[in-house]
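Here is a short briefing to read alongside the model. Keep the 3D view open and follow the pairs as they come up.

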Amino acid sequence: MTDYSKEFTCVDQGACIACPSSDLSLTYCKLNGYKQEVACEWNGGVPKEYQDAHPLPDYIACQNPVELNRRLFFRNQLIFI
C-alpha cells in the first residue's frame, strides 16, 4: 500500500495558541504545548479510499510566539557582538 501521509497541503487559519490541559495528550500538543489551526486539502493523485480512511489534521504543533521572539532576539544579539 502506498503511503500518502505527506500528500496534503495546509494553510494557517489562526495564531499559535497554548493547548488547554484537556488537549495535552494529543499529538500536536505533545511537542511543546502549543497548537495552530489549519485548513488542509489533499494534493492531486491521492485515491478517494485513502482520503476517506485518513482524516486531514485540524491543528498542527507550533512554536510559542513569545519564546520564539526571545530566541530570535538573543540570537541576533550574539551575532552582532
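Strands, like helices, are DSSP runs numbered from the N terminus (helices are H or I with at least four residues, strands are E with at least two). This is a predicted model, where local features need pLDDT of at least 70, side-chain atom pairs count only at pLDDT 80 or more, and totals for chains, interfaces and linings use all residues. Residues are numbered from 1 along each chain as its sequence is written, and side-chain values use heavy atoms, with hydrogens and water left out.

**Overall layout**

- The protein chain has three helices and four strands, and reading from the N terminus the order is β-β-α-β-α-β-α.
- Its radius of gyration is 17 Å, while a compact globule of 81 residues would come near 12 Å; the radius is taken over C-alpha atoms, and the globule rule is 2.2 Å times the number of residues to the power 0.38.
- Along the principal axes, the C-alpha atoms fill a box of roughly 55 × 30 × 25 Å.
- Of the 81 residues, 20% count as buried (buried means under 20% relative accessible area, exposed over 50%, partly exposed in between, with a 1.4 Å probe and protein chains only).
- The chain exposes about 6,200 Å², and carbon and sulfur atoms supply 56% of that area (accessible areas come from the Shrake-Rupley method with a 1.4 Å probe; for residues, only the protein chains shown count as cover).
- Among contacts between residues at least 6 apart in sequence, 59% join residues at least 24 apart, where contact means heavy atoms within 4.5 Å.

**Strand pairing around S3**

- Two strands pair if DSSP finds at least two bridges between them.
- Strand S1 (residues 8-12) runs antiparallel to S3, and five bridges join the two.
- S2 also pairs with S3 in the antiparallel sense, over two bridges; here Ile17 has Lys35 in S3 as its bridge partner.
- Strand S4 (residues 59-61) and S3 pair in the antiparallel sense over three bridges, and in this pairing Lys35 stands opposite Ala61.

**Disulfides**

- A disulfide is a covalent bond between the sulfur atoms of two cysteines. The model is searched for pairs of cysteine sulfur atoms within 2.5 Å, and the count comes to three.
- Cys10 and Cys40 form a disulfide with their sulfur atoms 1.9 Å apart. Cys10 lies in strand S1 and Cys40 in strand S3, so this pair ties together parts that are 30 residues apart in sequence. The torsion about their S-S bond is about 100°, so the disulfide is right-handed. Cys10 counts as partly exposed at 30% relative accessibility, whereas Cys40 is buried at 16%.
- Cys16 is joined to Cys62 by a disulfide, S to S 2.0 Å. Cys16 sits in the loop between S1 and S2 and Cys62 in the loop between S4 and helix H3 (65-79), so the link ties together parts 46 residues apart in sequence. With 90° about the S-S bond, this link is right-handed. Cys16 is buried at 17% relative accessibility, and Cys62 is buried at 10%.
- Cys19 and Cys29 form a disulfide with sulfur atoms 1.9 Å apart. Cys19 is in the loop between S2 and H1 and Cys29 is in helix H1, ten residues apart. The torsion about their S-S bond is about -85°, so the disulfide is left-handed. Cys19 counts as buried at 11% relative accessibility, and Cys29 counts as buried at 2%.
- With the bonded cysteines numbered in sequence order, the pairing reads 1-5, 2-6, 3-4.

**Salt bridges**

- How many salt bridges does a search of the whole structure find? The search finds two (a salt bridge is a side-chain nitrogen of Lys or Arg within 4 Å of a carboxyl oxygen of Asp or Glu).
- Lys35 and Asp23 meet through their side chains in a salt bridge, 2.8 Å from N to O. This pair links distant parts of the chain, with Lys35 in strand S3 (residues 34-42) and Asp23 in the loop between strand S2 (17-18) and helix H1 (27-30), twelve residues apart. Lys35 and Asp23 are both buried.
- Lys48 and Asp52 also meet in a salt bridge, at 3.1 Å from N to O. Both lie in helix H2 (residues 48-53), four residues apart, about one turn of the helix. Lys48 counts as exposed at 53% relative accessibility, and Asp52 is exposed with a relative accessible area of 56%.
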